[in-house]
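I opened the model to look up its pocket, its helices and its core. My notes follow in the order I worked.

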Amino acid sequence: MARTQDEIRHTNEKNILQAAERLFAEKGYAGASMGEIAQLADIPKSNVHYYFSTKKALYQEVLLELLEVWKQDALCFELYDDPRVVLSSYIRAKMTHSRNRAHGSKVWAAEVMQGAPMLKEPLIN
């Protein structure tokens, strides 16, 4: 059965974002290249540029996806009144994400430790 354009797009974007997250974790923003990301995602470099015009745009999308994960984890602050429940829920969620998405955790930590320079612009707008 033929896949739809939307399914192909979603799959390509997912593969690119996963590859980018891994390379940004391993090499940092400055050390990763769009060519390496394309190679790891098994997608032509021109296709990577089709979905993400610049490395900065791709890096920001990786960060915004990670931010969404953090925001979902932080919902426990609104759901519970007991500080023990809130903190244990939040810490458990963070530990789970650190195990299941180690590259993402490393990218996030590196960005935050630098003062979140790439997150400032998307968060302000």
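**Pocket.** I began with the term: on a 1 Å grid over the protein atoms alone, a pocket is an open set of points with protein on both sides within 12 Å along at least five of seven lines, and lining residues have an atom within 4 Å of a point. This is a predicted model, where local features need pLDDT of at least 70, side-chain atom pairs count only at pLDDT 80 or more, and totals for chains, interfaces and linings use all residues. Residues are numbered from 1 along each chain as its sequence is written, and side-chain values use heavy atoms, with hydrogens and water left out.

I looked up the lining of the largest pocket and found 13 residues. Lys-14, Leu-17, Gln-18, Glu-65 and Arg-101 lie nearest its centre. H1 and H7 are the elements that give two or more residues to this lining. H1 gives the most, with 7 residues. The helices are DSSP runs (H or I, at least four residues), numbered from the N terminus.

**Helix H1.** How far does helix H1 (residues 5-31) span between its end C-alpha atoms? I read only 32 Å, whereas a straight helix of 27 residues would span 39 Å at 1.5 Å a residue. The expected span is 1.5 Å times one less than the number of residues. I then found a kink of about 85° in H1, centred on Ala-25. The bend is the angle between axes fitted to the seven residues ending at a residue and the seven starting there.

Ala-25 is also one of the buried residues of H1, as are Ile-16, Leu-17 and Phe-24. Buried means under 20% relative accessible area, with a 1.4 Å probe and protein chains only. Helices H2 (34-41), H3 (45-51), H4 and H7 (102-113) are among what covers them.

**Helix H4.** I checked H4 (residues 55-73) next: its 19 residues should span 27 Å, and its end C-alpha atoms are 27 Å apart, so the two agree. Gln-60 is found in this helix. Gln-60 counts as buried because its relative accessibility is 13%. Leaving out residues up to four places away in sequence, Gln-60 touches Met-118, Glu-121 and Pro-122. Contact means heavy atoms within 4.5 Å.

**Core.** A nonpolar core is a set of buried Ala, Val, Leu, Ile, Met, Phe, Trp, Tyr and Cys residues joined through side-chain atoms within 4.5 Å. I noted 27 residues in the largest one; Ile-16, Phe-24, Ile-37, Leu-58, Val-62, Leu-63 and Val-107 touch the most other members. H1 supplies the largest share, 7 residues.

Note on methods: Buried < 20%, exposed > 50% of the residue type's maximum accessible area, 1.4 Å probe, protein only. 1 Å grid on protein atoms, 1.4 Å probe; cavity = no way out; pocket = protein on both sides within 12 Å on 5 of 7 lines; lining within 4 Å.
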